[in-house]
Amino acid sequence: MKLKKYMKLMEDEPQEEMTEHELELYNSLLERVEKNATVRTAKRVKLWSIFAPIVSSLLVAAITLTCVFSLRKISDEFLYKDDNIVTQESEYELMKTDVVFFDLSFNEYTLSQVDMFYDSKSNDKLFYSIIANFEDSRLDIKIVINEKYNYQFNLNGEEKRVELAQYTLNYSSLILRGKPQIEYKGWIKVQTEIVYFEFFQKPALGDEAFFETIQQVVKVKK
């Protein structure tokens with residue numbers, strides 16, 4: 001039987017008057033119980049005094065990391081400001097090198113302009129702008145190569161979606177009043193790159209002709 005439990009029984013049960021020797025033994029046992037209780041309390045205090053600084057350090061580290069990641073997220077969101085974006089005339093071959101997932105092939109289209117846009121603070125490349133012409137039709141393409149940059153783009157009216165051979169095409173169409181042409185606007189995303197486009201189709205040949213044209217120009221690298 002444990003010593004503490006024995007002492008409890010001694011207190012609870014009615015006892016005959018103890019002899020001097022029994023009283024000394026009882027007091028000795030009582031002293032041991034009290035001493036053991038004091039030692040256990042001291043151990044708890046000592047252990048807490050050891051672990052308290054460690055726990056505090058861990059809490060501080062956790063709070064610090066949370067703040068760092070929060071500030072980093074905010075920094076990423078505001079990293080590229082429109083005021084810091086610079087335009088630079090570029091080459092078609094350089095654009096093809098920087099583009100990882102898309103293969104842009106203009107074939108019969110005539111490239112009239114290729115520009116590269118970058119952030120003047122970090123010198124990070126953001127996107128390319130390409131203008132191509134074919135007879136009376138025109139194709140304007142913006143290809144965003146930096147996944148952290150959010151290019152502002154709006155469709156004309158209701159967004160439509162069609163599954164083509166290599167990708168999903170999101171687009172809208174607008175018949176221009178008084179003109180025999182249709183304006184198509186849309187976007188295509190593959191991995192971390194997005195192609196935004198405006199296609200002015202003249203004469204207005206319809207959606208199937210538009211699908212064929214866009215697939216000839218915008219392809220996915222194998």
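This is a predicted model: local features need pLDDT of at least 70, side-chain atom pairs count only at pLDDT 80 or more; totals for chains, interfaces and linings use all residues.

Modeller: Residues are numbered from 1 along each chain as its sequence is written, and side-chain values use heavy atoms, with hydrogens and water left out.

Colleague: In what order do the strands of the open sheet lie?

Modeller: Strands of a sheet pair through backbone hydrogen bonds, either parallel or antiparallel. Here eight strands form an open sheet in the order 1-3-4-5-9-8-7-6, with antiparallel pairing. Strands are DSSP runs (E, at least two residues), numbered from the N terminus, and two of them pair if DSSP finds at least two bridges between them. Strand 1 (85–89) and strand 6 (160–163) are the edge strands, each pairing on one side only.

Colleague: How many bridges join strand 1 to strand 3?

Modeller: Five bridges join strand 1 to the antiparallel strand 3 (residues 110–119). Within this pair, V86 stands opposite Y118.

Colleague: Is strand 8 largely enclosed or open?

Modeller: Strand 8 (residues 182–190) is largely enclosed by the rest of the structure, because seven of its nine residues are buried (under 20% relative accessible area, 1.4 Å probe, protein chains only). Six bridges link strand 8 in the antiparallel sense to strand 7 (residues 168–175), and nine join strand 8 to strand 9 (residues 193–201). I182 of strand 8 stands opposite I175 and also opposite Q201 in strand 9.

Colleague: Which residue takes a positive phi in the hairpin of strand 8 and strand 9?

Modeller: Q191 does, near 55 degrees, in a hairpin with two residues between the strands.

Notes: Helices (H or I, at least four residues) and strands (E, at least two) are DSSP runs, numbered from the N terminus. Buried means under 20% relative accessible area, exposed over 50%, partly exposed in between (1.4 Å probe, protein chains only).
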